[in-house]
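Colleague: I have a model open and want to learn how to read its features. Can we go through them one at a time?

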Amino acid sequence: KGELRMQSLSFDDAGMYQCIAENTRGIIYANAELKIVASPPTFELNPMKKKILAAKGGRVIIECKPKAAPKPKFSWSKGTELLVNGSRIHIWDDGSLEIINVTKLDEGRYTCFAENNRGKANSTGVLEMTEATRITLAPLNVDVTVGENATMQCIASHDPTLDLTFIWSLNGFVIDFEKEHEHYERNVMV
């Protein structure tokens, strides 16, 4: 096929490569550059979020996405405690930290450490717990005659430090109240 394969690349393999195809009618050339990329981990372009919110009893994923080549190994700490995979905590291959069944004890400073053969770096964020949002009054089934109006209610409790948005959908498709204002009307009561 005229294919060139290289394995276990090193910096010495970097450079301009040229393929020459030749037959009795002539000769043709094509060039390509091979760059060997290697860099220590850095959070300069993608630092961890400084504040991460998690709902009480819920699940949170804290992302750790440094730029690095080759791919770094990841570890996490909460304060000075090194974290390991367990029943509620999992460190994913991509560096993300997952915590399930979040409690008040999970609040604190989390640091992601990334290390490869070129160096290491870390980034820190603070996890804060919020009260979970709950539907306290769900919409009820309504039977109406064609041409009549129908009203459905939805009431929710939420953490007072956060904003709350209600989104209505019909058969899985979000209702656009601006486009369909002649058919649907939304009344928001505080």
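Modeller: Start with contact, which means heavy atoms within 4.5 Å. This is a predicted model, so local features need pLDDT of at least 70, side-chain atom pairs count only at pLDDT 80 or more, and totals for chains, interfaces and linings use all residues. Residues are numbered from 1 along each chain as its sequence is written, and side-chain values use heavy atoms, with hydrogens and water left out.

Colleague: Which residues does V60 touch, not counting those up to four places away in sequence?

Modeller: V60 touches I52, L53, A54, L97, E98, I99, V102 and L127.

Colleague: How do I read a nonpolar core?

Modeller: In soluble globular proteins, nonpolar side chains tend to be buried together. A nonpolar core is a set of buried Ala, Val, Leu, Ile, Met, Phe, Trp, Tyr and Cys residues joined through side-chain atoms within 4.5 Å. Buried means under 20% relative accessible area, exposed means over 50%, and partly exposed is in between (1.4 Å probe, protein chains only).

Colleague: How many residues has the largest nonpolar core, and which have the most contacts inside it?

Modeller: The largest core has 21 residues. V60, I62, W76, L97, I99 and Y110 have the most contacts inside it. At least two residues of this core come from each of strand 4, strand 5, strand 7 (73–78), strand 9 (89–91), strand 10, strand 11 and strand 12. Strands (E, at least two residues) and helices (H or I, at least four) are DSSP runs, numbered from the N terminus.

Colleague: Next, salt bridges. What is the idea?

Modeller: Side chains of opposite charge can pair when their charged atoms come close. The cut-off: a side-chain nitrogen of Lys or Arg within 4 Å of a carboxyl oxygen of Asp or Glu.

Colleague: How many salt bridges does this rule give?

Modeller: The count is six. One of them joins K51 and E128, at 3.7 Å from N to O. K51 lies in strand 4 (residues 51–55) and E128 in strand 12 (residues 119–130), so this pair ties together parts 77 residues apart in sequence. K51 is exposed at 52% relative accessible area, while E128 is partly exposed at 31%.

Colleague: What are the closest N and O atoms doing in the pair of R59 and E98?

Modeller: Those atoms are 2.5 Å apart, and the two residues form a salt bridge. R59 sits in strand 5 (residues 59–62) and E98 in strand 10 (residues 97–100), so the pair ties together parts 39 residues apart in sequence. Is each end buried or exposed? R59 is exposed, at 54% relative accessibility. E98 is buried, at 11%.

Colleague: And E107: which side chain does it meet in a salt bridge?

Modeller: That of K104, at 3.2 Å from N to O. E107 is partly exposed at 26%, and K104 is exposed at 54%.

Colleague: How do I read a disulfide?

Modeller: A disulfide is a covalent bond between the sulfur atoms of two cysteines. Here the test is a pair of cysteine sulfur atoms within 2.5 Å. The structure holds one disulfide. C64 and C112 form it, with sulfur atoms 1.9 Å apart. The link is left-handed, with -75 degrees about the S-S bond. C64 is in the loop between strand 5 and strand 6 (67–69), and C112 is in strand 11 (residues 108–116), 48 residues apart.

Colleague: Are C64 and C112 buried or exposed?

Modeller: C64 is buried at 1% relative accessible area. C112 is buried too, at 0%.
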